[in-house]
Every structure is written in structure tokens, then in C-alpha cells.
Amino acid sequence: MAVSDSTALRYQQSDPDVRLMIRVRNDDAAAFEELLRKYQPRLVRLMRTIGPKPDLAEDLAQETFMRVFRARHSYEPGAKFSTWLFTIAANVARNAMRSQGRRQEVNEIDAPVTSDGSQAVGILAATALDASSLMPGRLVEGSERGAIVRQAVEALGERQRTALMLSRFENLSYAEIAETMGLTTKAVKSLLSRARVNLREILQPYIEAGVIPSEVEP
């Protein structure tokens, strides 16, 4: 679908990464390198979560940027650059999942890297506690907590897991997640709601009593 001139102009004015991508469209190699430096770590982190295997994350991130480069001449700024990029990344991950034919692994240590280089440890655990509305029955070691949360998130369906990661890690809005995943905003809200309910059901026995529920045992 063609993008209107007013829409394209709005995103050019509001999103500096859109302006960079327009330079890439005009074969500006320096602009492409700038986008690569900015988004490569985020794509690798995302692919560790939504791709089929963590050790394929860098390859899948590279494939995403190859698609961006190949599509540069047809690029039209109809959305934020990050939304457009994550849409391509989601398609790459989905194709890889189909070709691998197996579920991916999720690891809590693949949390976002902050601007100062440190890891935002515990986002998945915080999500689980938010979903439970409960206090933990006892404090646990980070490794134990990470294993439990990893297993719980791994038990979610592919679309729930992807929506959760885009929401919690990339801070995308409902509308941006919907555009990225090819869904309606209502469907995204439903996915995230079901993800929280499922996390609560899996983790509630552990949070209440400090025991690993059977659903997340190795």
C-alpha cells in the first residue's frame, strides 16, 4: 500500500532514524553503518528470545539487516523506523522457527543492555511478579529464579512470547506491536493479557510457597 506524502513527511520530521533510512535509500553507506551500530545489539537480543535458538541470534540479526539493505530502494517511511525494522525481524524469526521446527530457548540473562553498558537484569522476573500480584514466599538465588522464569516464558505460545518481548524489552506501544506482528491492537492486548494470565498460573505455586511448579520443572 502506498504511503501518503503527508504520512511520509510526518515520520521524516519526527523520527531521526527514518531520515537515516532515507539516506540509506539513496545509497549512503555511512547512514547504513549508523543504523547497524544502533540496532544490531537490540536485534541480537530480540532474536535470542523470538528466534529458534540463541546461538543463531547474530545470524538472524544479520539476515534482518541484509533484508533492510536489499529493500532500501523501495523504502517508504510509513511508520517509525524501529517498527518497520522489527516487522522484518519478526518475519525472519518466524521463517527460522519454521525451518528449525523446534521451540526456542529463553534466558533471563539476555536482558536489555542499558546505555551505560550494564544489563537490565530481572525484567522477565519482574514481569512474572507483576502478573502474579503476589509476594514471593522466600527469596531465591538469581540462578534459580532465572531458570524458573526462563521455563515459564518458554511455555508461552510463540505469539504471546513475541508480544511480551516487544512490549517489555523494546517498549513498543500496542499499535506498534500490532503493526510489527500483523495483528490488530485488540489482538495484541489479548495476547499480552493471556501471557500474563499464563505466567501467573505457572508461577503462582512457586511464588506462594517457594517451590518449583511441575509445569516448569526441567
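**Figure 1. Arg72 and the ring of Phe69.** In this predicted model, the charged end of Arg72 sits over the ring of Phe69, at 3.9 Å from the ring centre. Phe69 has a relative accessible area of 35% and is therefore partly exposed, as this value lies between the limits of 20% and 50%.

**Figure 2. The ring pair of Phe32 and Phe69.** The model has 5 aromatic pairs. In the pair formed by Phe32 and Phe69, the ring centres are 5.3 Å apart and the planes stand at 65 degrees, so the pair is edge-to-face. Phe32 lies in helix 3 and Phe69 in helix 4, so the pair ties together parts that are 37 residues apart in sequence. Is Phe32 buried or exposed? Phe32 counts as buried because its relative accessibility is 15%, and the cut-off for buried is under 20%. A pair of aromatic rings is described by the distance of the centres and the angle of the planes.

**Figure 3. A cluster of aromatic rings.** Tyr39, Tyr75, Phe81 and Trp84 are linked into a cluster by ring pairs.

**Figure 4. The largest nonpolar core.** This core holds 48 residues, and Leu35 and Met47 touch the most other members. Two or more residues come from each of helix 2 (16–25), helix 3 (29–50), helix 4 (57–70), helix 5 (81–100), helix 7 (142–154), helix 8 (158–168), helix 9 (174–181) and helix 10 (185–209). Helix 3 gives the most, with 9 residues. In soluble globular proteins, nonpolar side chains tend to be buried together.

**Figure 5. The surroundings of Met47.** Which residues does Met47 touch, not counting those up to four places away in sequence? Met47 touches Ala57, Leu60, Ala61, Thr64, Ala89, Val92 and Ala93.

**Figure 6. Gln160 in helix 8.** Gln160 is placed in helix 8. With a relative accessible area of 11%, Gln160 is buried. When neighbours within four places in sequence are left aside, Gln160 is in contact with Leu191, Arg194, Ala195 and Asn198.

**Figure 7. Confidence along the chain.** The average pLDDT of the protein is 74, and 68% of the residues score at least 70. Confidence is highest in helix 2, at a mean of 93, and lowest in helix 6 (residues 123–132), at 48. Residues 131–142 have a pLDDT below 50, and this stretch has 19 contacts in the model beyond near neighbours in sequence. Residues 212–218 also stay under 50, with 11 contacts beyond four places in sequence. Where pLDDT is low, the predicted coordinates should not be read in detail.

Methods
Residues numbered from 1 in each chain as written. Predicted model: local features only at pLDDT ≥ 70, side-chain atom pairs only at ≥ 80, totals over all residues. Heavy atoms only, no water. Core = buried A, V, L, I, M, F, W, Y, C linked by side-chain atoms within 4.5 Å. Buried < 20%, exposed > 50% of the residue type's maximum accessible area, 1.4 Å probe, protein only. Helix = DSSP H or I, 4+ residues; strand = E, 2+ residues; numbered from the N terminus. Contact = heavy atoms within 4.5 Å. Phe/Tyr/Trp six-rings, centres within 6.5 Å; stacked < 30°, edge-to-face > 60°. Lys NZ or Arg CZ within 6 Å of the ring centre and 35° of its normal. pLDDT = per-residue confidence, 0-100.
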